[in-house]
Amino acid sequence: MSNALGSSTLHNAGNNAVGAGVAGMAVALTGITKRFGGFVANDGVDLAVRRGEIHAVIGENGAGKTTLMNILFGLLQPDEGSIRLNDEETVVADPAVAIKAGLGMVHQHFKLVPSLSVADNVFLGMEIRRHGLIDHAAQIARTRELAERFGLRVDPTERVGLLSVGIEQRIEILKVLVRGARTIILDEPTAVLTPQESRELFQTLRSFVAEGMTVIFISHHLEEVMEVSDTVTVLRNGKKVATRPTAELSKNELVRMMVGREVSFDRRPREPQHGDVVLEVKELWARDDRRLPALRNVNLEVRSGEVVGIAGVAGNGQTELAEVLSGLRSASHGVARLKDRNLAALSPAEIRAAGLAHVPGDRMVRGVDRNASIAANMLMGRQHRAPWSRGGVLNWNAIGQNASKLIKDFDIRAQGSGDAVKRLSGGNIQKVVLAREFTNGADFLLIDQPTRGVDIGAQEAIHDEIMRQRAAGRAILLISVQLDELAALADRILVMFNGRIMGEVAGDHADEDRIGMMMAGVAVPEFATEPA
Amino acid sequence: MMNDRLRAVSGQIIAVAVALIMGAIIILMVGESPVRVFMTLLRGAFGDQAKIAGTLLQTTPILICGVAACVGLRGGMFNVGIEGQLFLGGFAAAWVGFAFPLPAGIHMLAALALAVVAGAAWVAIPAYFRARYNTNEVVSTILSNYVAVLLTSYFTIFLFKRPGGWSETPPILPTAYLPGIFDFSRLNWGLVIGLVLAIGAALVFRYTSWGYGVTMVGSAPKFAEYGGVNVKWQGFVVLLLSGAVGGLAGGVETLGVHHRFMEGFAPGFGFDGLIAALLANGSPVATIFTALFFGALRNGSLLLEVDTGASREIITVIQALIILSVSAQALVRRRGDSQAGERRWKF
């Protein structure tokens, strides 16, 4: 266990040499253990990355991937274990040490200055100077050269504030390259990208290894890992399960290693139902917080017993659509009707009374009060209703009993209804929200990113629950950035881009390429729907 | 849950202890013995019956102002204008007391009622701007203090001045007095009003539907909004109630202690109440104890200059140190929290 590199690891890795001129390890972590209070995030993890390979680190949410990378990059200090960089024992006291050793990290959240140009951002803190002044021309030239060499399409002179998330990521990668990184760590890089952008990113990663550089790639998307990596290390519950060459693995094996059992994301079986229209949205326009148009002429309807999916890269109007439908944002034009009641005329409380249940996308901020108990969280929205309240006075006995029942019914892992929500895992917090919203007796369920940040076991339970609600005749609008989730659950999938519905695809014909093109803003003629 | 509360309480106690130790160092620096100063404070606060009654007398306005602050904090509103509401409430009660003869009892209630209305009306301006235009209530309520203090001075000196050299209104009629509790002290039923308010506020927040909504507005406003609570309206209501209680504190002080309104009649009680509420983490019941602590400091300090070489300003220093260490603690805790939060989000 304490042995640095299991001999099988070395052996397997050796079978899969790609573009590596030098046999050597870019990174070797040995027996890394990291505890947060009583929680063990990493438990004796070994990770050996050969120079010149694309090494995927894969695992469920909470498996310890990000913690491990933060330790490698010097953002966290391990409680136990040692780190070797380029075959040299190194104490990575802070990121400066890691950068000096040739490591570079592209985080999930970008840190760019929106008012500066691309080149200025790339060279921020290490500007090229000439006579004491910043040499913009040289910075632009150098940025352009690097971008072209690695296929990172970006104009160095543009202002970052005007660019999309995908391009921002390229800038982050350029920043890392300029600082001399030979080993590049990417934390869930594809989470913010369209499928096409992801493919371009993979091309870039391949061009890195072609030049003898090394890539460590964190993900929980199986397809990507299968497509792009040479070697996979699987983490589960903070422990390393295995390190294997990708070519030897099937997707099923990989899932089994990640979860410890087989999980299917196949389409859920269903009875076709033709219910009445519950939600009707016509020519809806709305603005975002910056007063820019976020919804442009959205038309849709949801019938009872139907799951309508909304696909799209995050930030293309899905949040605003959910907010308008729940009364948290006003529309600038158009109508939304819930069972023939015009939502524009109703307050959030009245919309709930009219039959809305809402599982919000921003669960930690909108969905719960983290510091309050489970019971108090489950009371929200029904604090004026019997039996929880009579004559304005709360009955905490009834509230607690109801909460305990929901904890049991929805299999929430908690000690009791008095537990603070912040003590629960992401999946269980989401179940608290679902339990509250699905037992409201509402006819329309607005469900936004139900499984984001939730482990696979809980994902399945949440999907089961959504299908049960469908069978019970509820009308469901399911917003998700995960296509496999929509393909598994939705009867119809609408694709949003830049505030518009680009088109509609039947759930049983969900085709990743076609949806991906629409997500990227390309209208696919035979699927585009025009407003009636 | 219990564990959380225990941790919060022990955190506050440690913060106070740290402040007292730093205070001790400062006392050493001015050449006094910290032990002697603290013993004198203790003796001055609790030395005999009269001193205890004096401490409770000081505690009363701090407690009521503390409850006022708690009401605001619960709904996420930081009412820093309690001092001003107290002044207006005090003046309003005095005005009813000397200008409108009424039967005993009714007279007192009418005076207190106008104090409540005055406090609420005074905070209504910042509260309206907060609800309508989202202006920061901290700034607007702080500024309203100066206006309130000077406005009541103007009323006192130019409109209702009592003949003679003092800047004070004529005395109120005995029919408007808040009855005393003991013969040997000016301690009065205001203390009971404070205790009832503190416990009542705690019960309302815990056991009513309205209190639940307000609590959620304070602790998780986006969640409350999502759940159908009218966040802006509740914020307005809570500020108004907070101001009303602040006004009542002034009325109690006028009717129970001074029996007239004087310029600068109750310096700093509003701010002490706010500090007591913060030290109590916004819990009205815990504010009873923190208000007692600050009341004891105030009353004990009267003996300081008599018996020791330290100035009574040392208690102001200690209070400032308490504010610093309590807020430092909050920062440390928040940092730990946010790390934990990010971690949880990832896992």
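Colleague: In what order do the six strands of the open sheet that includes β15 of chain A stand?

Modeller: This is a predicted model, in which local features need pLDDT of at least 70 and side-chain atom pairs count only at pLDDT 80 or more, while totals for chains, interfaces and linings use all residues. Residues are numbered from 1 along each chain as its sequence is written, and chains are lettered from A and ligands numbered from 1 in the order in which they are written. Helices (H or I, at least four residues) and strands (E, at least two) are DSSP runs numbered from the N terminus, and two strands pair if DSSP finds at least two bridges between them. The pairing in this open sheet of chain A is mixed, and the order is β18-β21-β22-β15-β23-β24.

Colleague: Which strands stand at the edges of this sheet?

Modeller: An edge strand has a single partner strand here, so one side of each is left without a neighbour in the sheet. The two that stand in this position are β18 (356-359) and β24 (500-506) of chain A.

Colleague: By how many degrees are neighbouring strands of this sheet turned against each other on average?

Modeller: Axes are lines fitted to C-alpha atoms, for helices over the stretch in contact, and angles run from 0 to 180 degrees between N-to-C directions. For the average over neighbouring strands of this sheet the direction is ignored, and the value is 20°.

Colleague: Which residue of β22(A) stands opposite I447(A)?

Modeller: β21(A) has parallel partners: it pairs with β18(A) over four bridges, and five bridges join β21(A) to β22(A). On the β22(A) side, the residue opposite I447(A) is L478(A).

Colleague: How many residues of β21(A) are buried?

Modeller: A residue is buried if 20 or more other C-beta atoms, placed from the backbone, lie within 10 Å of its own, exposed if 12 or fewer, and partly exposed in between. Both faces of β21(A) are covered, with F444(A), L446(A) and D448(A) on one side and L445(A) and I447(A) on the other. The count of buried residues in β21(A) is five of five.

Colleague: At what angle to β21(A) does helix α10 of chain A run?

Modeller: Contact here requires C-beta atoms, placed from the backbone, within 7 Å. Helix α10 (residues 318-325) of chain A lies across β15, β21, β22 and β23 of chain A, and its angle to β21(A) is about 150°.

Colleague: Within what arc do the buried residues of α16(A) fall?

Modeller: Helix α16 (residues 456-471) of chain A reaches 23 Å from its first C-alpha to its last, close to the 22 Å expected at 1.5 Å a residue, the expected span being 1.5 Å times one less than the number of residues. A458(A), Q459(A), I462(A), I466(A), Q469(A) and R470(A) are its buried residues. The arc is that of the directions from the helix axis to the C-beta atoms. Seen down the axis, the buried residues of α16(A) line one face of the helix, because they fall within an arc of 125°.

Colleague: Which exposed residues does the face of α16(A) turned away from its buried side carry?

Modeller: The buried residues of α16(A) are covered by elements including β15 (306-311), α15 (426-438), β21 (444-448), β22 (475-479) and α17 (483-489) of chain A. The face turned away from that buried side carries D464(A), R468(A) and A471(A).

Colleague: Which element gives the most to the side of chain A that touches chain B?

Modeller: The contact takes 35 residues from chain A and 23 residues from chain B. The elements of chain A that give two or more residues to its side are α11 (348-355), α12 (363-367) and β20 (393-394). The element that gives the most, with four residues, is α12(A).

Colleague: Which element of chain B is among those that cover the buried residues of α11(A)?

Modeller: P348(A), I351(A) and R352(A) are the buried residues of α11(A). They fall within an arc of 100° seen down the helix axis, so they line one face of α11(A). Their cover includes β16 (333-338) and β18 of chain A, together with, from chain B, α9 (221-226).

Colleague: What is the strand order of the open sheet of six strands that includes β3 of chain A?

Modeller: The edge strands of this sheet are β6 (103-106) and β12 (239-245) of chain A, each with a single partner strand. Five bridges join β3 (residues 54-58) to β10 (residues 214-219) of chain A in parallel. The pairing across the sheet is mixed, and the order in chain A is β6-β9-β10-β3-β11-β12.

Conventions:
Contact = placed C-beta atoms within 7 Å.
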